[in-house]
Every structure is written in C-alpha cells, then in structure tokens.
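I opened a notebook page for this structure and wrote down what I looked up, entry by entry.

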Amino acid sequence: MTWELLWKVVLVSTIGLFALMSLFVTFLGARDIKRLIRKLEDPTEDPQQDSHHG
Amino acid sequence: MNEATQEALSQSNFGVVDTVIVVVYLCISVVIGLLVNRYAGSMVNYVGAGRKVGVWLGVATMTGTELGLVTVMYSAQKGFSGGFAAFHMAVLAGVGTLFVGLTGFIVGPLRRIEVLTIPEFYEKRFNRPVRIVGAVMLVVAGVLNMGLFLKTGSMFIVGVTGLASDSSALFWVMIGLLLLVLCYTTLGGMISVILTDYVQFVVLSFGLLTATALAIGKLGWSQIFEVVHHELGPAGFDPTLEGAGFGWSYIVWMLITAGLVGSAVWPTAVARALAMESEQAVRKQYMWSSISFAIRFIIPYFWGICALVFICSVPAGSDLKDLFRPDEGTPTLNNLYAMPVVMGRLLPPVLLGIVTAGMIAAFMSTHDSYFLTWSCVITQDIVAPLMRKPLSTAARVRLTRMLIVVLGGYVLYWSLFYQGSEDIWDYMAVTGGIYFTGAFVVLMLGLYWKGTSSCGAFLGLMSGFLMLLGLEPIQKAVGLKYAINDSEWAERLTSSQIGLLTVGVAILLTIAGSLAWPDKPAQDNKEHTA
C-alpha cells in the first residue's frame with residue numbers, strides 16, 4: 001500500500017465514522033443533558049460532595 | 001501592509017446573514033451560561049459537573065474541548081506546509097485514545113480514586129509538597145501553552161471574514177473574544193461548559209462535514225492529490241522523510257504527545273474523564289472519542305491542504321500565491337492565515353456563517369475549559385493546601401473566578417508580545433511538555449509501580465523544565481539554534497529530540513530517585529496504585 005492510498009483510506013473512513021458518531025452524540029447526548037439536569041436538581045444527592053477535597 | 005495584500009485579504013463571501021448567524025449563536029451560548037449558573041454552587045458541580053455526565057454527553061464535551069479553534073488553525077498550518085504526511089499525527093492521536101479507552105490507562109485508576117485534579121492524586125499517592133510542585137509545573141506549562149490561543153483564534157476570525165485587511169482588526173477581535181469568554185466562563189463553570197460543548201458539537205460537526213464535502217467538490221478529489229505531489233513531492237505523503245519537517249524522531253515524539261499525553265495526561269481531557277459518572281463510562285467515552293481525537297486533526301489538515309491546492313492551482317486564488325507561496329523569496333504573510341482566507345472565498349454565505357459560529361464556539365469551549373482547569377488547579381492544589389485554615393466552598397469558587405480574569409489578562413499580554421516564529425503546534429508541544437513529560441512518567445509509574453517514591457516523583461516532575469530548551473527564543477539564546485545566513489537557521493537539536501530526551505531523563509530520575517530515597521513504609525499508599 002502506498003502512502004497516498006493509505007491517507008485516502010484514512011480520510012474517507014474517519015470522516016464516515018465521525019458522521020455516524022455525530023448522529024449518535026446529537027440524539028443520545030440530548031438525553032444525557034436531561035438526566036444531568038434532573039440529577040443536579042435533586043438536592044438529596046451527595047450532600048457532602050465537597051468534604052473530601054483539598 | 002501594501003494595497004495588493006489588503007485587496008487580497010478583503011475578499012470573502014462572509015456577509016450580513018453570516019453575521020446574524022454568529023450573533024444568534026453567541027446569544028444562545030450566553031443564555032445557557034446564565035440558565036445553569038444556579039447549579040454552580042459547590043466545587044464538585046462548578047469544576048466537575050457533579051460527576052454526573054453520561055457517555056454521549058461526555059463524548060460531546062471531550063470533542064468540544066479538544067476540537068478547539070486553535071487546534072483547527074495549527075493543524076491547518078501543518079497540512080498547508082506538510083501535506084498529507086501530517087496525517088500520521090491524527091492516526092497516532094486516534095489510536096492512542098482508543099488504547100486509553102480499551103485499557104483505562106491512567107484515566108481509569110484516576111477516576112476510581114475520585115480526585116478532581118491530577119495534583120490531588122499526587123498528594124494522595126505521595127505527599128503535599130509533590131502536589132504543590134506538580135501543580136506549579138502544571139500551571140506554568142498550561143498557562144504558557146494557551147498563550148497564543150487568543151491571537152491564533154482571532155487570526156481565523158479576521159481571515160475568514162475579510163477583516164484581516166484592516167491591521168487594527170486583529171487587536172479588537174482579540175479583546176472582544178476575550179471579554180466574551182471571560183463573562184461566560186465565570187458564570188456557570190463546568191456545567192455551562194459541558195452544555196455549550198454539546199451545542200458546539202452539533203453545530204461544528206455539521207459545519208466541518210459539509211465544508212469538507214464542498215471543498216472536495218469545488219477543488220476535485222484527484223486534483224487535490226496531484227497538486228500536493230507537484231508542490232511538496234514525496235515528502236507531502238511520507239512522514240518518515242525529513243523534507244516536510246517530520247521524520248522518525250518527530251513521529252515518536254508525536255506518539256507520546258498526540259497519542260497518549262493528549263488523551264490520558266493533558267488536564268483538560270482528564271478533567272472530562274473525572275467528571276464522568278463511572279469508570280466504565282470513562283472507558284466508553286474514550287473509545288468513542290478516539291474518532292474525535294483523529295478527526296480534530298484530519299479535517300483541519302485537509303482544509304490546510306485544500307488551501308494549498310486553491311492557492312497553487314485555482315485561478316481565483318492566484319493573487320494569494322505571492323503572499324503565501326512565492327516562487328522566489330520568503331512569504332509576506334504568516335501561513336496561519338492561508339486556511340481562513342481560502343475558506344472565506346471557497347464557502348458560500350450561510351455555510352460560512354455556520355462554520356464561523358462553530359469555530360467561535362470551538363474557541364470559547366477551549367478557552368473556558370483551559371481557564372477553568374488552570375484556575376481550579378491554582379485554587380485547589382496550590383492556594384488551598386498552603387492555607388492554614390480550610391477554604392470554604394464559596395471562597396474557592398470566588399477565587400477560581402478571579403483567577404480566570406487574571407489568566408485572561410495574561411493571555412492578551414502574551415498574544416501581543418511573544419516573538420517566537422515556530423509553528424503553533426510545535427510551540428504547544430514544547431510548552432505543554434514542561435508539564436507532561438514529567439507528569440506522564442510520574443502518573444504512569446505512580447499508578448502502576450508501587451516502588452515510586454515522593455523523591456522520585458519530585459525529580460521526575462522537575463525534569464520537565466528541560467523542555468524550555470525547545471522554545472525558539474531560548475534555543476537562539478543558548479546557541480541550540482544558530483544563523484547560517486541572513487534568512488536561514490540551523491538546529492543542533494530539534495524540539496522533538498529535546499522532548500524525547502526530557503522524557504528519558506524523567507524516567508531515569510524518577511526510577512533512580514525512588515530507588516535511592518524510597519518512602520518510609522508508613523507513607524506508602526498502596527491503594528492508589530492500579
């Protein structure tokens with residue numbers, strides 16, 4: 001395999017994978033945001049969360 | 001700047017509609033920052049988003065942080081000057097991140113220990129002095145490292161919008177961007193950073209993919225490879241050849257820098273890992289992010305290559321040839337401008353606005369992450385351990401916010417006065433190396449070798465200062481770089497060779513120091529080794 005062919009394969013395959021991953025992250029990331037906000041709004045969770053630092 | 005240069009730089013498709021897109025996008029980002037401000041009450045929430053981030057949001061925020069505007073700019077510069085040979089760094093970055101995801105190398109044990117910062121690990125594993133020394137090294141390197149971010153990002157904005165023809169525009173764009181980032185970062189901390197990283201991911205991934213497809217369509221797939229052959233020869237494809245500024249020592253240096261350090265040791269990436277909800281989520285985050293770690297280099301390299309092709313083979317770009325690649329003499333313009341100027345001409349309105357908005361978002365997300373990480377390290381790992389009385393959470397958040405503003409002032413100062421002329425990527429690898437050469441070794445040995453002692457860790461961390469010899473102004477001052485004639489310079493040691501040497505010294509000193517001065521048994525903290 002020549003360097004040129006290798007870089008062609010790398011370029012096309014990574015762009016294809018990134019396009020696919022973008023779809024996953026767009027939809028499933030929105031779901032994660034909802035969960036994050038819900039957890040942060042729950043005042044009963046981790047009341048001592050700063051106690052072990054520094 | 002002469003009239004012909006001004007005329008060439010002022011040509012851009014960026015118009016009113018693009019300005020509206022950018023302004024609307026920025027307003028949305030600021031509103032998000034304001035809305036989530038109420039969650040930033042505790043240090044764990046402010047710095048680590050409460051350690052409640054899911055896998056897919058984690059991938060978005062990792063990508064948002066690491067795919068910054070400065071990354072796009074320095075990578076495009078490498079693509080413009082080195083052609084497809086630069087792709088080797090992207091492959092190493094992707095493979096290195098995948099390795100970290102599959103094995104949990106360094107980040108897995110760190111997440112398990114539940115530290116907020118890397119220096120915090122130094123204290124748990126070694127002792128408080130090592131934590132403070134490690135934090136100082138980290139801050140010195142990190143702050144130097146981001147010194148050129150503001151200028152580089154602003155160069156993109158003025159290049160792509162056609163404002164580069166106005167010599168004062170760069171300064172005012174720097175001021176505007178800095179104020180925007182400072183207001184935004186001090187508001188909401190890590191939670192607002194993560195949410196806007198997500199929005200940035202969505203906008204930027206669309207912009208990157210569409211712009212790349214459009215560039216290929218306009219320039220022609222075969223034409224791109226033919227022009228690189230013609231302009232750069234075999235060195236434009238083969239990274240083992242020295243002609244394009246790479247070679248074997250550079251590749252090995254990149255294996256460490258882009259491959260392992262960028263994902264497993266660099267604090268902004270590690271901060272994302274430490275904000276995840278579990279170690280399992282960290283591994284998944286890294287496995288998926290390996291695609292992002294490769295693409296964050298590949299697409300900008302390719303854009304730099306497209307800029308080269310546009311300037312050298314397309315009639316519409318012929319007026320740029322004398323500025324960036326003259327047949328005789330040296331270029332009159334910094335080649336960092338090549339990609340944004342060409343993109344300003346190649347992309348149509350609306351898409352140009354979306355790409356610019358995405359890039360400004362990328363600029364903001366990198367800056368806020370870096371500001372937050374370094375100021376947090378100063379607060380948590382230098383100031384708090386040195387105080388006799390414990391600092392309250394409110395005092396820590398307040399100090400962190402004040403430090404963010406101080407760091408902003410430094411970044412503006414450094415952007416205006418640093419005189420080095422090395423490629424931005426090489427500047428970043430060298431300055432970052434002050435921290436990561438030692439930290440890489442100390443983290444690796446500290447986590448996986450029980451015999452590592454505090455003294456060994458201290459010596460390993462300190463050896464990072466050898467990397468200062470890789471900075472161009474220092475190389476010239478100590479004679480490592482010397483003038484052959486009026487315009488040519490020769491190096492006794494390249495910055496990549498200095499980097500490899502520093503890693504070797506760090507390994508030797510850490511092992512030798514640990515064997516010669518082992519910790520007393522009571523100081524052993526075996527539960528913190530993997």
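Where is the place of Val350(B) in chain B? I found Val350(B) in the loop between α17 (338–346) and α18 (351–386) of chain B, where helices (H or I, at least four residues) and strands (E, at least two) are DSSP runs, numbered from the N terminus.

**Ground rules.** I note that this is a predicted model, in which local features need pLDDT of at least 70, side-chain atom pairs count only at pLDDT 80 or more, and totals for chains, interfaces and linings use all residues. Residues are numbered from 1 along each chain as its sequence is written, while chains are lettered from A and ligands numbered from 1 in the order in which they are written.

**Confidence.** I looked up the scores of the model and found ipTM 0.78 and pTM 0.82. For chain B the mean pLDDT (the predictor's confidence in each residue, from 0 to 100) is 84, and 92% of its residues reach 70 or more. Within chain B, helix α3 (residues 43–48) has the lowest confidence, at a mean of 53, whereas helix α21 (residues 454–462) has the highest, at 94.

I counted one helix and zero strands in chain A, and 23 helices and two strands in chain B. Of the 54 residues of chain A, 24% count as buried; a residue is buried if 20 or more other C-beta atoms, placed from the backbone, lie within 10 Å of its own, exposed if 12 or fewer, and partly exposed in between. In chain B, 60% of the 530 residues count as buried.

**Overall form of chain B.** Taken along the principal axes, the C-alpha atoms of chain B fill a box of roughly 75 × 55 × 40 Å. Among the contacts in chain B with a separation of 6 or more, 85% join residues 24 or more positions apart, a contact being two residues whose C-beta atoms, placed from the backbone, lie within 7 Å.

Setting aside neighbours within four places in sequence, I found Cys306(B) in contact with Ala215(B), Leu219(B), Ile224(B) and Val342(B).

**Helix α12(B).** Ile224(B) took me to helix α12, whose buried residues are Ile224(B), Val227(B) and Val228(B). They cover an arc of only 100° around the axis, which puts them on the same side of α12(B); the arc is that of the directions from the helix axis to the C-beta atoms. The face turned away from this buried side carries the exposed residues Ser222(B) and His230(B). Just after α12(B), Gly233(B) takes a positive phi of about 70°.

**Helix α21(B).** Eight of the nine residues of α21(B) are buried, and these pack against α8 (118–125), α9 (128–145), α20 (424–448) and α23 (495–516) of chain B.

Gly344(B) lies in helix α17 of chain B and is buried, with 26 other C-beta atoms within 10 Å. The C-alpha atoms of Gly344(B) and Thr161(B) are separated by 6.4 Å, although these residues are 183 residues apart along the chain. I also looked at Tyr74(B), in helix α5 (residues 69–82) of chain B, which counts as buried with 25 C-beta neighbours inside 10 Å.

Most residues other than glycine have a negative phi. Val350(B), however, has a positive phi of about 75° although it is not a glycine, and is partly exposed, with 14 other C-beta atoms within 10 Å. Phi of Ile106(B) is near 65°, also a positive value. Is Ile106(B) buried or exposed? I found Ile106(B) buried, with 26 other C-beta atoms within 10 Å.
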